[in-house]
Amino acid sequence: MSMAVIAWGAAALVYGLFLVWYLPFGRRISPAETDRVMAAIEAQGLEPERVLALRRFFEEDTGRSFVMVNLLQLNEPKAAARRSLGTYERRFMGRLIRMAGFPLFAGRALSVLNVDQWGIEADGWDAAALVRYRCRRDLARMVIDSLQGDTRVYKHAALLRTFAFPVSPLISTGGPCLIVGLTLALIAAVVQIVSA
């Protein structure tokens with residue numbers, strides 16, 4: 001068997017395994033899982049309309065991936081808050097990455113005041129992040145996990161307030177499927193050229 005065949009076969013195998021991990025494959029949340037996560041959420045004492053909106057979000061599951069938009073304002077002192085946030089993120093992201101979720105973007109605010117706002121008083125954000133979730137079922141698991149143990153303690157120690165809402169991407173200029181596929185194809189092509 002030639003080195004080129006081995007290289008392209010290995011690239012195809014690795015890409016296939018990546019897709020099995022990355023793609024949602026219609027992993028919709030079941031009614032029992034919805035009830036379980038909603039029981040955990042309701043125990044937190046959220047407003048009834050927010051609980052209802054979250055239940056609708058889980059019940060209307062499309063089985064597709066989505067992005068959570070997060071705005072964060074840190075507690076004072078900021079240095080201690082950043083340390084607490086770092087601890088929370090390491091614990092949270094470690095579990096999320098195993099479920100093909102990860103930050104698409106994270107950054108610190110360049111201004112204390114918003115450049116533009118209309119119909120809302122919401123200045124003072126310190127950071128923003130876009131986090132990819134493979135499916136709503138994974139989010140439900142992350143919610144339940146984050147309510148157990150001391151992980152959430154670090155989040156509360158870090159944040160004065162936060163604002164998060166899910167979005168379904170309409171436009172994408174690429175993404176991991178394209179990047180991983182092109183990278184593996186490039187490696188296989190280089191191996192084929194070198195071994196020729």
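A residue counts as buried when its relative accessible area is under 20%, and as exposed when that area is over 50%; partly exposed lies in between. The legends below describe a predicted model.

**View 1. Met68 is a buried residue of strand S1.** Met68 lies in strand S1. Its relative accessibility is 10%, so Met68 counts as buried. Leaving aside residues up to four places away in sequence, Met68 touches Ala129, Leu130, Val131, Tyr133, Leu139, Ala164, Phe165 and Pro166. Lys155 sits 87 residues from Met68 along the chain. The C-alpha atoms of Met68 and Lys155 are 16 Å apart.

**View 2. Strands S1 and S3 run antiparallel.** Strand S1 covers residues 66-74, and strand S3 covers residues 127-133. Seven bridges link the pair. Phe66 stands opposite Tyr133, a residue of S3. Tyr133 is also among the residues that Met68 touches.

**View 3. Four strands make an open sheet.** The strand order is S2-S3-S1-S4, and the pairing is antiparallel. Strand S2 (102-108) and strand S4 (159-167) are the edge strands. Each of these two pairs on one side only. On average, neighbouring strands of this sheet are turned by 15 degrees against each other, direction ignored.

**View 4. Leu104, Phe105 and Leu130 form a nonpolar surface patch.** Together they have about 260 Å² of accessible area. Leu104 lies in strand S2. Its relative accessibility is 45%, so Leu104 counts as partly exposed. Leu130, another member of the patch, is also one of the residues touched by Met68.

Technical notes. Residues numbered from 1 in each chain as written. Predicted model: local features only at pLDDT ≥ 70, side-chain atom pairs only at ≥ 80, totals over all residues. Heavy atoms only, no water. Pairing = 2+ DSSP bridges. Axes fitted to C-alpha atoms, helices over the stretch in contact; angles between N-to-C directions. Buried < 20%, exposed > 50% of the residue type's maximum accessible area, 1.4 Å probe, protein only. Contact = heavy atoms within 4.5 Å. Patch = residues over 30% accessible without salt bridge, like charges linked within 9 Å, V, L, I, M, F, W, Y side chains within 5 Å. Areas by Shrake-Rupley, 256 points an atom, 1.4 Å probe, with all protein chains shown as cover. Salt bridge = Lys/Arg side-chain N within 4 Å of Asp/Glu carboxyl O.
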